[in-house]
Amino acid sequence: FQVSSLSVALTVTLVVPMVFAGPFLVRLFFGTDYQPSISLIYPLALYPVFMSAGIGLGPLFRTLNKMRVAIKINILSVLLLIPTAYYLISEFSIRGLIITVLIFSLFPTILSFLYFLRIYRQLKDDGKTV
């Protein structure tokens, strides 16, 4: 959890200045042809933050020998999110694609954190040191 927290903090520290510089850099390097893409910078800036939240989860699953749970979470995510992606992309085009990418990156991470929170509470209730 500390690794994930530090990763999110570091990513936010790096992403925030880039979000402010993004519109300027798009105009500077790509000109007015790419002006409409500037509005996509802000929602896409969430992607690295969401991905950094899950940075410590893989080693945690391996350490606790819970790789089957990780695989089940990912299979469940794919099964639930494929129809969601189809709907969002067909209804909202590029914005739906961005929402899909954000959901695909955040959903398994949330499920994993909820799983580990449950394990943590069980260990705490059993009186084991955590």
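Predicted model: local features only at pLDDT ≥ 70, side-chain atom pairs only at ≥ 80, totals over all residues.
Local features were taken only at pLDDT of at least 70 and side-chain atom pairs only at pLDDT 80 or more, whereas totals for chains, interfaces and linings use all residues. Residues are numbered from 1 along each chain as its sequence is written, and side-chain values use heavy atoms, with hydrogens and water left out.

Helices are DSSP runs of H or I of at least four residues, numbered from the N terminus. Helix α1 covers residues 2-30. The expected span of a helix is 1.5 Å times one less than its number of residues. A bend of about 45 degrees occurs in α1 at A21, and the proline P23 follows within four residues. The bend at a residue is the angle between axes fitted to the seven residues ending there and the seven starting there. After α1 comes G31, with a positive phi near 80 degrees.

Residues are called buried at under 20% relative accessible area, exposed at over 50% and partly exposed in between (1.4 Å probe, protein chains only). In α1 the buried residues are S4, S7, T11, V15, V19, G22, P23 and V26. An α-helix has 3.6 residues a turn, so residues three or four places apart point the same way. The buried residues of α1 pack against α2 (38-44), α3 and α5, where contact means heavy atoms within 4.5 Å.

Helix α5 comprises residues 67-125. A straight helix of 59 residues would span 87 Å, but the end C-alpha atoms of α5 are only 24 Å apart. A bend of about 145 degrees is found in α5 at F92. T100, also in α5, is buried at 7% relative accessibility. Not counting residues up to four places away in sequence, T100 touches A85, L88 and I89. L76 of α5 is partly exposed, with a relative accessible area of 40%. Its C-alpha atom lies 24 Å from that of L44, 32 residues away along the chain. G127, which follows α5, has a positive phi near 85 degrees.

Five aromatic pairs were found in the whole structure. Rings of Phe, Tyr and Trp (its six-membered ring) pair if their centres lie within 6.5 Å; planes under 30 degrees apart count as stacked, over 60 as edge-to-face and the rest as tilted. F30 and Y34 form a tilted pair, with 5.3 Å between centres and 55 degrees between planes. Y34 is partly exposed, at 46% relative accessible area. The pair of F61 and F116 is also tilted, at 4.6 Å and 50 degrees. This pair links distant parts of the chain, since F61 belongs to helix α4 (residues 57-63) and F116 to α5, 55 residues apart. F61 is buried at 4%, and F116 is buried at 3%. Together with Y115, F61 and F116 form one aromatic cluster.

The second largest pocket holds about 170 Å³ of space. On a 1 Å grid over the protein atoms alone, a pocket is an open set of points where a 1.4 Å probe fits, with protein on both sides within 12 Å along at least five of seven lines; lining residues have an atom within 4 Å of a point. Grid points are joined across faces, edges and corners, and the volume is the space filled by probe spheres set on the points. Of its 13 lining residues, G54, L57, N74, P108 and T109 are the closest to the centre of the second largest pocket. At least two lining residues come from each of α3 (46-53), α4 and α5, and α5 gives the most, with eight.
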